[in-house]
Amino acid sequence: MRAMTLRYNLRRSLWHGAFFTASTTIISTFFPLYFIDSLHASTKQVGLLNALPALGALLASILLIFRLPQLPTLVQGTTRSFLVTRLSYVLLALAPWLSPHHAAEFALIVFTLANIPQTWGLMGWQTLIGHLIPASLREGFFSQRNVVTTLVALGASLFTGLITQFFSHGSTRALQVFIVLATVLGILEVMTLGRHQLKASTSPTVSSRLPWRTIIHNHVFLRYALLSAFFNFGWQMSWPLFNLYQIGQAHATAFWLGIFSVMALISQAISFPLWRNFARHKGAMIALGYAAMGLATVPWLTILTKNLVVLSGINFEAGLFLSGVNLLLFTELQAHVPAQHRSEYIVVYNIIIGAIAFIAPEFGIWALSRTNIIATMQISALWRAIGGIAFLLTGTVIEKTWLKHARQMSR
């Protein structure tokens, strides 16, 4: 019975990942274009598009400290959070019909507020996965799941980009239709997520005393959280800059944004299994270091050209390393938190990363105002590289320590 439940949950998780990816890909890939071209957002508002939702996520993480003990069930709380987020997309679709002076502000507020339940949903899902999938299967399953979701994202990006490009004179209306479609796909995602089966014995238990002091003194967890925070700062500070560069300076249309996404997704689908195997042979933290250093080349290469075909190739190169970073950041988080207090540790981790996600894009926009986009991208590239080296050195020390311990135990 336990094996049957596991197989059932694995299938449901694959379907959930497909619907989740299709819905969020439409928003993440094409909303910046919609925000800049259709809603006429300013440079400051483009920067806030990354920073304010991160602030919402940070506030959500802090609120979850007090909300966590009252969650009725893990699945129910997670599905409700995701449902509220997906329904908010309808409000984004209505934004162009508002006053031109308020359309971008309205969309920014909706996008920010929607990130609060989105954060609750994601943290609930991270905890749910820890209960549903044994650690021995987690890395292999997520490699398989990432291939599936990458192919779904590829199809969603290409289809949306092509159709929107076909209706070039009415691209705003086309994007509105696709945002509503993202809502429908999101509802299917929530329905699929709600059908996971949690055994009573694995339902999340709430201790009478939350181990916040224990978390602060858990040096293994804090080391990983600080390393991740440092790398994320350099990684995320350039996120608004890519939108400004590709759309504002390289003049990428919806079609080309779709191509960029497709190229990155193809390379991710190819490289997910490679990173999984590399992590198994060399150690996950070492693999994460190499992936992070590879991702450091992307800002530097991007500013070398405005040729859309070349930028497509750079996005392909970015996907090769992005797959490793996304896969290994998540699996390493699961490996660095104790099972009995997984929810609490994930909340603390998300507070740390949420603070970085708010500060980093604003720092990127501030640096842009003081220098130029080339210098700011170079700062991001250097910061990412240093973060990757830190992961690599830490992983090397961990592997040497483990090998020394194993040799002592074998004597």
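Buried means under 20% relative accessible area. By that cut-off Ser267, at 0% relative accessibility, counts as buried. The legends below describe close-up views of a predicted model.

**Figure 1. Overall make-up of the predicted model.** The protein has 15 helices and 0 strands. Of its 411 residues, 55% are buried. Its accessible surface comes to about 18600 Å², and carbon and sulfur atoms account for 68% of that area. Among contacts between residues at least 6 apart in sequence, 88% join residues at least 24 apart.

Figure 2. Ser267 lies in helix H10. With a relative accessibility of 0%, Ser267 is buried. Leaving aside neighbours within four places in sequence, Ser267 is in contact with Asn315, Phe316, Gly319 and Leu320. Leu320 is 53 residues from Ser267 in sequence, yet the two C-alpha atoms are 5.2 Å apart in space.

**Figure 3. Helix H10 and its kink.** H10 covers residues 254-282, which is 29 residues. From the first C-alpha to the last it reaches 40 Å, close to the 42 Å expected at 1.5 Å a residue. Within H10, a kink of about 40° lies at Ser271, shortly before the proline Pro273. Just after the helix, Gly283 takes a positive phi of about 110°.

**Figure 4. Helix H4 and its bend.** H4 runs through residues 103-132 and has 30 residues. At 1.5 Å a residue these should span 44 Å, and the end C-alpha atoms are 42 Å apart, so the two values agree. H4 bends by about 30° at Ile116, with a proline, Pro117, following within four residues. The helix is mostly covered, as 22 of its 30 residues are buried.

**Figure 5. The largest nonpolar core and a separate one.** The largest nonpolar core holds 80 residues. Phe31, Phe35, Leu39, Phe221, Tyr224 and Phe391 touch the most other members of this core. Its largest share, 10 residues, comes from H1. Apart from it lies another core, of 15 residues, including Leu74, Leu128, Ile133 and Phe142. In soluble globular proteins, nonpolar side chains tend to be buried together.

**Figure 6. Surroundings of Phe35, and the loop residue His40.** Neighbours within four places in sequence left aside, Phe35 is in contact with His40, Ala41, Gln45, Val46, Leu49, Ala104, Ala107 and Leu108. His40, one of these partners, sits in the loop between helix H1 (2-38) and helix H2 (43-67). Its phi is near 60°, a positive value in a residue other than glycine. His40 has a relative accessible area of 60% and is therefore exposed.

Figure 7. The loop between helix H9 (239-249) and H10 contains His251. Although His251 is not a glycine, it has a positive phi of about 60°. His251 is exposed, with a relative accessible area of 57%.

**Figure 8. His336 in the loop between H13 and H14.** His336 is found between helix H13 (308-335) and helix H14 (342-370). Its relative accessible area is 11%, so His336 is buried. The side chain of His336 reaches the backbone oxygen of Glu332 at 2.7 Å. Beyond neighbours within four places in sequence, His336 is in contact with Val220, Phe221, Arg223, Tyr224 and Met285.

**Figure 9. Ile303 in the loop between H12 and H13.** Ile303 has its place in the loop between helix H12 (297-302) and H13. With a relative accessible area of 12%, Ile303 is buried. Its contacts, leaving aside neighbours within four places in sequence, are with Tyr245, Ile373, Ile374, Met377 and Gln378. Ile303 and Phe242 are 61 residues apart in sequence, and their C-alpha atoms are 9.4 Å apart in space.

Technical notes
Residues numbered from 1 in each chain as written. Predicted model: local features only at pLDDT ≥ 70, side-chain atom pairs only at ≥ 80, totals over all residues. Heavy atoms only, no water. Helix = DSSP H or I, 4+ residues; strand = E, 2+ residues; numbered from the N terminus. Expected span 1.5 Å × (residues − 1). Bend = angle between axes of the 7 residues up to and from the residue. Buried < 20%, exposed > 50% of the residue type's maximum accessible area, 1.4 Å probe, protein only. Contact = heavy atoms within 4.5 Å. Areas by Shrake-Rupley, 256 points an atom, 1.4 Å probe, with all protein chains shown as cover. Core = buried A, V, L, I, M, F, W, Y, C linked by side-chain atoms within 4.5 Å. Polar contact = N/O pair within 3.5 Å; in protein donor to acceptor, adjacent residues only side chain to side chain.
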